[in-house]
Amino acid sequence: MVWNQSLAQKLLFSFAPENAHGLAIAALKMGIVKGDDIPQDERLKVRLWDLDFPNPLGMAAGFDKNAEVPDSLLGLGFGFAEVGTLTPLAQPGNPKPRMFRLAKDEAVINRLGFNNEGHMPARRRLEQRKGNGGIVGVNVGANKDSDDRAGDYVKGIEAFADLASYFTINISSPNTPGLRDLQARDALDDLLARSLGKRDEIIGKIGRRVPVLLKIAPDVDEFGLDDICSVAIARGIDGMIVSNTTLDRYDNLKESTKKSEAGGLSGKPLFEKSTIALAKTRQRVGADMPLIGVGGIHDGKSAMEKIRAGANLVQFYSGMVYGGPGMVGQMIKEMGDALTTTDVQSIGSLIGQSTKEWAAKELIND
């Protein structure tokens, strides 16, 4: 269909953010929003973990929390989609309102708190898409009131191992009290040991080794990042996602009233901080560990800069709130045009070109 982004945004922005999100999910389920004439560019293909990504652009977790529309997202042109965060038991999340648009900043603040329907409804939906193809990752988390949070991640691995293209262990949301404590060295070591142990235990049963990635926060200092990366390397994690939302509030935010809302900030203002964290992570883990860059991506240029900073793949969500579903195809075109202009034959050859410059910047936490 022809998508009038200006009119659609005015319509959606007339609703509260969470209601607008629900309408977007409904539109995708009904096929009202589709990707038309998505460019295909061989130079943008990426192969990681024995998976073939048609392009490096992914939908980040948080949009399709309950695995309702992964195929519709792939149909918009995304090279992969990540569902969740999914917890073993359904939970309502934090009280509403809990999402806030900072329209002048092209940013979002959320304090959702892992609201989702739990493992089983999502599993049933993913079972129904078997055979559809496409790369769909599953982001797993812990219930707020769990007595064994690491055990909740193990349950997630067990519940979706036969259906997930890859897993993301999300310990970086700022909206579940104490969750980021799992980034501390000893807690992280235990979590990864148990999660990877469960993955390895069921390889024979499902016939493949599902990659397990770790998603971290940008709100870490150099020493904290040292610990995270050293544990990730020692435990043999398959990759890392850098980064989740930030608790920082920047002085130059234009939406001065809304910026005081509690929760994680995402969107354009997060680009610099998350990219610095990405580059510093790349320096610590070396050239071989796959990294997914997230935070502030809003067009083809920003996606390519993430790759130059050290990412193999990128993800975004808040950018599409402001750019609309047509932005995926537009980004693919922009990236292809940039490769043509610079006579680059593969997006992979750009990885790490500007890591040193980005990593030289200070990782400031307010």
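Buried means under 20% relative accessible area, exposed means over 50%, and partly exposed lies in between (1.4 Å probe, protein chains only). The model on screen is predicted: local features need pLDDT of at least 70, side-chain atom pairs count only at pLDDT 80 or more, and totals for chains, interfaces and linings use all residues. Residues are numbered from 1 along each chain as its sequence is written, and side-chain values use heavy atoms, leaving out hydrogens and water.

**Stop one: Glu42 and Lys45.** Select both. Glu42 forms a salt bridge with Lys45, with the closest N and O atoms 3.0 Å apart. A salt bridge is a side-chain nitrogen of Lys or Arg within 4 Å of a carboxyl oxygen of Asp or Glu. Glu42 counts as exposed because its relative accessibility is 61%. Lys45, at 45%, is partly exposed.

**Stop two: Glu158 and Lys198.** Their side chains meet in a salt bridge at 3.7 Å, N to O. The pair links distant parts of the chain, 40 residues apart: Glu158 sits in helix α5 (residues 149-160) and Lys198 in helix α6 (residues 185-201). Helices are DSSP runs (H or I, at least four residues), as are strands (E, at least two), numbered from the N terminus. Lys198 is buried at 12% relative accessibility.

**Stop three: Arg249.** Look in the loop between β10 (239-242) and β11 (264-267). Arg249 is buried, at 18% relative accessible area. Its side chain reaches the backbone oxygen of Lys259 at 2.7 Å. The Arg249 side chain also reaches the backbone oxygen of Gly263 at 2.7 Å.

**Last stop: the network.** Select Arg180, Asp219, Asp248 and Lys273, which are linked by salt bridges.

Methods. Polar contact = N/O pair within 3.5 Å; in protein donor to acceptor, adjacent residues only side chain to side chain.
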